[in-house]
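Hi there,

Here is the model I promised to pass on.

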Amino acid sequence: MCDNTSTKPCEGFSMDTVNELRKRVGGLGLKYFIETYGCQMNEHDSEKLAGMLRECGYTKAETKGEADLILFNTCCVREHAEKRTFGNVGFIKELKAENPRLILGVCGCMMQQKEVAKKLFDRFPFVDLVFGTHELSRFPQMLLEVLDEARVFQVTESDGEVVEGLPVERTEGFSTFVNIMYGCNNFCTYCIVPYVRGRERSRRPADIVNEVSKVVAAGYKEITLLGQNVNSYSCDGLDFPALLRLVCSEVPQLKRLRFMTSHPKDLSDGLIKAMSELDNLCKHIHLPVQSGSDRILKAMNRRYTSGAYLELVDKLRSAVANVEITTDIIVGFPGETEEDFEATCELVRKVGYSNAYTFAYSPRAGTIAARMEDQIPEEVKKRRLNQLNAVLAETIPSNNDKYIGFEGEILVEGVDHRGEPLLFGKLSNFKMVYVEGDESLVGSFLNVKVDGYRFNSLFGHIIQG
Ligand code: 5AD
Ligand code: SF4
């Protein structure tokens, strides 16, 4: 591990604890159900929780109703996610009445906010276990305590650590995630993440390469390297572009390498060069802009201007053939005027994103923006969100004209049965393409030619490679 922390042995995930748990529950045919909210980081944490449960002898339940252990892995990036969690945890009371041995745990980002976690723990006495983001690897230990009839509340303040060697139960398919770093040091003024995920810490390159090799050997064809701010990766003298080069050269069998999320202020020429030179590095970048107004970007502490962002977009487009850019945008940040909002719409028109995630600003307790004056009324935020989505609904399809006649390779992810069955899969640059073809082709790379489009999806046919 790099920077100011050191790799810790798996304190919670000791084989002794696992063996003890196996002895207690191994032969009982117990099942777990994990409900995950929020980002890919959370999804991947859930795969680690599932991996630990597998080692302890649990198998996956298809529904909450057949589970003996239910875990809610929560998010707190916006208020909506928090409200949903309170509602959904409340529903479990009935299931507990039907199955008294059912264990209910709540974990993740929302539980790392101690006050919120305490409120949930006190309000719902049928919740057996609450733990924060820094406790993930100690999950088997805590489960053992719950089996001994204890109610466990484990939320500690920490800058975080890196725990290597946790088992992972990966979602079946052809694409999967590998963490390269954790935490965030950026403190964008609206964002709760740095408070609940701790400071930036990067994994050792050797550990990352090792995991990527194992995952590829297990049959995965596309890997997304994950971090809150991947391009500030730094460890053992390697920066992010150097890590990408290392992974591509050490694991040449990996056909597709992706990464997310990138911060515009750290998007270096070195990264653009790596994207243009490495064949197996996908030609897509998720580059959250958040706002098109320089005044708002400053108040958000984003540390770039709209002009600097547009320059990056130009550089990417001229260096990386067929690159596509996606983004995140917040409307209704405190103090945002109609003029600021119009600047955001203008930037969206200029960039020509292939997709965008748009959000109404949601005040998060403890962040700087939540204490700012000039909070924007909810109805104004809603109206701006609708207006922005209307701009995107115009600009996204209009960028698809250039794809008519385009030839490229997709990794087939599945069959869409909504109408006539169609195979679907993404190009390297993340554009989704639908083609007619046999179900047996799921999981393979196919050469396709694009004939048309609908909103942000392309439609085409298979061609010979
Ligand atoms: N309100 C609304 N959106 C937010 N995001 C982060 N914090 C907030 C907030 N307080 C959005 C940002 C970020 C994405 C993951 O979530 O756009 O990029
Ligand atoms: Fe939040 Fe900003 Fe860090 Fe992203 S870079 S996780 S928006 S603080």
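Let me start with V193, which is buried, as its relative accessible area of 12% is under the 20% cut-off. Please keep in mind throughout that this is a predicted model.

V193 belongs to helix α6, which covers residues 193-197. Setting aside neighbours within four places in sequence, the contacts of V193 are V77, C184, G198 and Q228.

Now to ligand 1. Which residues surround ligand 1? They are V77, R78, Y190, Q290, D328, I330, F359, A360, Y361, S362 and R364. Here the shell splits into 6 nonpolar, 2 polar and 3 charged residues.

Some polar pairs stand out for ligand 1:

- R78 places a polar side-chain atom 2.9 Å from an oxygen atom of the ligand.
- D328 has a side-chain N or O atom 2.7 Å from an oxygen atom of the ligand.
- S362 contributes a polar backbone atom, 2.8 Å from a nitrogen atom of the ligand.

On its own, ligand 1 would expose 410 Å², and the protein buries 86% of that. Two elements give two or more residues to its shell, namely β15 (324-331) and β16 (355-360).

One more residue to look at is Q112, in the loop between β4 (103-108) and α4 (114-123). Is Q112 buried or exposed? Q112 is buried, because its relative accessible area is 7%, where buried means under 20%. A polar atom of the Q112 side chain lies 2.9 Å from the backbone nitrogen of T133. Beyond neighbours within four places in sequence, Q112 is in contact with G132, T133, H134, V155, T156, Y195 and V196.

Finally, on confidence: the chain has a mean pLDDT of 93, and 97% of its residues reach 70 or more. Residues 3-10 have pLDDT below 50, and this stretch makes 19 contacts in the model beyond near neighbours in sequence. Where pLDDT is low, predicted coordinates should not be read in detail.

Best wishes

Key. Residues are numbered from 1 along each chain as its sequence is written. Chains are lettered from A and ligands numbered from 1 in the order in which they are written. This is a predicted model: local features need pLDDT of at least 70, side-chain atom pairs count only at pLDDT 80 or more; totals for chains, interfaces and linings use all residues. Side-chain values use heavy atoms; hydrogens and water are left out. A residue is near a molecule or strand if one of its heavy atoms lies within 4 Å of it. A polar contact is a pair of N or O atoms within 3.5 Å; within protein, one must be able to donate a hydrogen and the other to accept it, and residues adjacent in sequence count only if both atoms are side-chain atoms. Accessible areas come from the Shrake-Rupley method with a 1.4 Å probe; for residues, only the protein chains shown count as cover. Helices (H or I, at least four residues) and strands (E, at least two) are DSSP runs, numbered from the N terminus. Ala, Val, Leu, Ile, Met, Phe, Trp, Tyr, Cys and Pro count as nonpolar, Asp, Glu, Lys and Arg as charged, and the others, Gly among them, as polar. pLDDT is the predictor's confidence in each residue, from 0 to 100. Contact means heavy atoms within 4.5 Å. Buried means under 20% relative accessible area, exposed over 50%, partly exposed in between (1.4 Å probe, protein chains only).
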